[in-house]
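Please have the sequence and the structure at hand while reading the points below.

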Amino acid sequence: MCRKFCFIALIAFLVFNCDLKAQVELKVSYDLLDESQEKDAFIEHWKTVITFERSKNGGMPIVKETDLCRVVPLQNNSVMRHYFVSSHKQITHYKFYTSSGRKSIKPVIGDSNTPGVFQSDSKYYYFSRNIKPSDQYGKFEVKSTIDDLRFYTRAYMADMKLFTAKREVEILVPAWLDMQVKLYHADHIDLTCEVDSLPEGDILYRYIGGNLNAPFQSDYFPGYANVHPHLLFLYNRYRTENGEWKPILKHVDQLYKWYKEMRGPEQYDLEKFKAISSEVVSGATNQHDSIKKVFYWVQDKIRYIAFEQGIDGFRPQNALSVYENKYGDCKGMSNLLKAMLTSLGYDARLAWLGTQDLPYTYKEPSVAVDNHMICVLYQGKRKYYLDATEKYLKLGETASRINGKEILIENGNSFVIDTVRRSTEDISSETYHYELKLSGNDLRGKMKFQLQGEAKRHFYMRLSQFSRSDQEKNVRELMCQEDNLLMDSLSALPATFDRDSNLNLTGRILKNNALKQIEDERYIGIANLMPEINFDIDTSKSRHVRFSQVINQLNETTLEIPDSMKLCYLPKPLFFEFDNAFYRMEYLLDGNLVKYKSHLYIPYKIYKQEQIKDLAKLFDYQHKSRKQKIILKKKIDEANMTK
């Protein structure tokens with residue numbers, strides 16, 4: 001009896017110590033998570049094994065991917081994973097284990113509802129399972145097949161949501177496949193790479209990393225490929241069973257050839273499109289006006305809806321179908337632009353490019369390089385980059401998301417690699433002018449608001465979300481964010497959103513009780529009338545930041561000092577600058593006029609973690625300057641003092 005009791009006690013002691021050890025390990029893992037990470041779970045070990053096989057039909061090689069991921073719950077007993085499939089990628093096998101053995105699991109399968117995508121063959125597999133506290137972890141084993149290696153372009157090292165304690169990626173490259181593996185954004189993580197030469201000429205790449213943070217999502221997140229550590233796969237050629245080497249995408253000319261195959265033969269009915277286009281350009285007095293009418297017509301009349309069905313969205317829609325349906329994706333809208341402009345005798349061409357969401361150039365020939373298509377028009381010595389997916393875009397302007405990016409332009413059987421450049425007149429700015437006077441304790445005056453370039457376009461896009469009757473109300477709310485600030489008149493909003501002219505609005509403003517008295521001093525602020533950009537972000541969590549456009553905000557305000565008052569104090573100038581971004585403000589006295597000027601400028605670029613605090617400081621300077629006050633005093637009546 002005593003021996004049985006001792007045996008039971010020993011088992012209980014061992015179980016207790018195992019549980020205690022597991023709890024200690026969980027505590028250590030939990031402490032590794034910083035404030036930006038989800039605390040519900042973390043990935044203890046995630047391994048991806050990538051192999052290649054020849055296709056049975058003699059076509060492009062296929063990819064086999066095995067994903068092994070062990071997830072440890074921290075707050076509850078739920079573990080989960082997402083996997084995505086497409087027209088080229090299918091899940092062929094899945095299992096689920098815990099520390100006590102294999103468990104049953106079934107995925108929820110659904111359409112991948114990417115915002116803005118009208119139709120897509122991308123689907124998701126969602127695996128979720130509650131486990132017992134004693135199980136300690138859930139392990140997912142998922143195998144996938146990609147039927148064309150050209151569509152298997154990247155492998156991310158870190159998870160999109162969870163902290164990863166250990167990460168492994170193994171790539172077994174057979175001797176019959178000539179490919180390269182390129183590593184991106186690994187400078188800030190602990191990562192090692194091992195390359196082993198195996199018998200018969202095979203090569204094994206092994207990437208091992210640890211303590212990888214998931215990206216912190218915010219309105220300013222610049223996209224996974226720009227900041228997330230990942231591997232890019234570049235496929236040069238493969239050898240068939242009979243020893244013949246066949247090209248894949250070794251050079252950009254092979255990428256261009258494949259794009260043309262995806263597009264298929266041009267099937268423009270130019271006579272039909274000439275009739276359509278001639279009606280659109282009716283009334284145009286010159287070629288520039290004709291081009292503009294076509295470009296604006298496609299922007300206004302064709303609804304942009306992403307369409308990613310078949311060949312992962314690489315095949316453009318027929319131009320006539322886009323015209324008849326009145327919707328299309330970037331490829332379909334570009335096809336329509338080319339058809340309409342070509343029918344009028346212009347040199348219009350299709351062009352592929354990657355937006356600022358992608359960090360690659362054509363030195364890395366891969367389908368991962370491009371995610372967008374536009375139409376390029378050659379007109380004399382000038383090229384126009386026509387992106388009809390950008391609403392209210394002026395002819396000659398380009399959006400920030402493609403400016404500065406390499407572009408692959410068709411040129412018959414050849415091609416042209418160019419760089420998208422903004423024209424000198426394509427400047428984005430918002431400027432506020434205030435002319436103010438005191439009326440008792442109230443502040444009254446005139447306001448002028450001017451927008452140009454991308455700032456104007458984003459403003460129009462905002463207004464387009466409201467009915468005509470609510471647009472003026474929205475503008476008033478935008479302009480009068482400060483307490484007690486009212487707009488008692490506003491110039492009429494344009495009946496149509498004019499792309500070719502700057503937007504100018506005028507109005508009269510009133511700020512009640514603007515003058516505050518403390519003893520014999522009067523305090524008034526004139527720097528806080530214009531709308532303030534609210535940079536609402538946690539600097540301790542964010543690692544990368546990029547705004548949706550260039551920020552170029554200017555303010556020029558004058559205050560007329562009444563004859564009954566004298567100026568006692570003007571705030572001192574402020575100036576802060578870093579990495580081409582700056583904020584400056586100053587007050588000047590000119591006779592009886594106080595002149596206030598400020599300028600906030602932030603380029604369209606990615607700011608890394610070490611710069612984000614400076615970025616926050618920039619906005620902090622602006623916020624503090626808005627709170628500063630001018631000090632006035634009543635003039636003493638010298639005649640009354642003599643008496």
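In the chain of 643 residues, buried residues account for 48%. The model is a predicted one. Its secondary structure consists of 11 helices and 38 strands.

**The chain as a whole**

- When contacts between residues at least 6 apart in sequence are considered, 72% of them link residues at least 24 apart.

**Strand pairing around β1**

- Strand β1 covers residues 41–53 and pairs with two strands named here, β2 and β11.
- With strand β2 (residues 62–73), the pairing is antiparallel and runs over 12 bridges. Within this part of the structure, K47 has L68 in β2 as its bridge partner.
- With strand β11 (residues 164–173), β1 pairs in the parallel sense, over 6 bridges. Here V49 has E170 in β11 as its bridge partner.

**Residue T431**

- T431 lies in strand β25, which spans residues 429–439.
- Its relative accessible area is 12%, under the 20% limit, and T431 is therefore classed as buried.
- Apart from neighbours within four places in sequence, the contacts of T431 are K448, F449, Q450 and L554.

**Residue M565**

- M565 is located in strand β33, made up of residues 565–569.
- M565 counts as buried because its relative accessibility, 8%, falls under 20%.
- Not counting residues up to four places away in sequence, M565 touches L438, L515, R522, L632, K633, K634 and K635.
- One of these contacts, K635, is 70 residues from M565 in sequence, yet the C-alpha atoms of M565 and K635 are 5.1 Å apart.

**The second largest pocket**

- How much space lies in the second largest pocket? The volume is about 690 Å³.
- This pocket is lined by 22 residues, and those closest to its centre are E430, R462, L478, I533 and Q549.
- Four elements are listed as giving two or more residues to the lining: β25, β26 (442–452), α8 (454–463) and β32 (551–560).
- Helix α8 provides the largest share of the lining, with 4 residues.
- Sorted by class, the lining of the second largest pocket holds 12 nonpolar, 6 polar and 4 charged residues.
- Strand β25, which contributes to this lining, is also the strand that contains T431.

**The cavity**

- A probe the size of a water molecule, rolled over the atoms, shows where empty space remains.
- How many cavities of 30 Å³ or more does a search of the whole structure find? The search finds 1.
- The largest cavity has a volume of about 30 Å³.
- The residues lining the largest cavity are R150, F233, L234, Y235, L249, P365, S366 and V367.
- By class, the lining of the largest cavity comprises 6 nonpolar, 1 polar and 1 charged residues.

Methods: Residues numbered from 1 in each chain as written. Predicted model: local features only at pLDDT ≥ 70, side-chain atom pairs only at ≥ 80, totals over all residues. Heavy atoms only, no water. Buried < 20%, exposed > 50% of the residue type's maximum accessible area, 1.4 Å probe, protein only. Contact = heavy atoms within 4.5 Å. Pairing = 2+ DSSP bridges. 1 Å grid on protein atoms, 1.4 Å probe; cavity = no way out; pocket = protein on both sides within 12 Å on 5 of 7 lines; lining within 4 Å. Points joined across faces, edges and corners; volume = space filled by probe spheres on them. Nonpolar A, V, L, I, M, F, W, Y, C, P; charged D, E, K, R; others polar.
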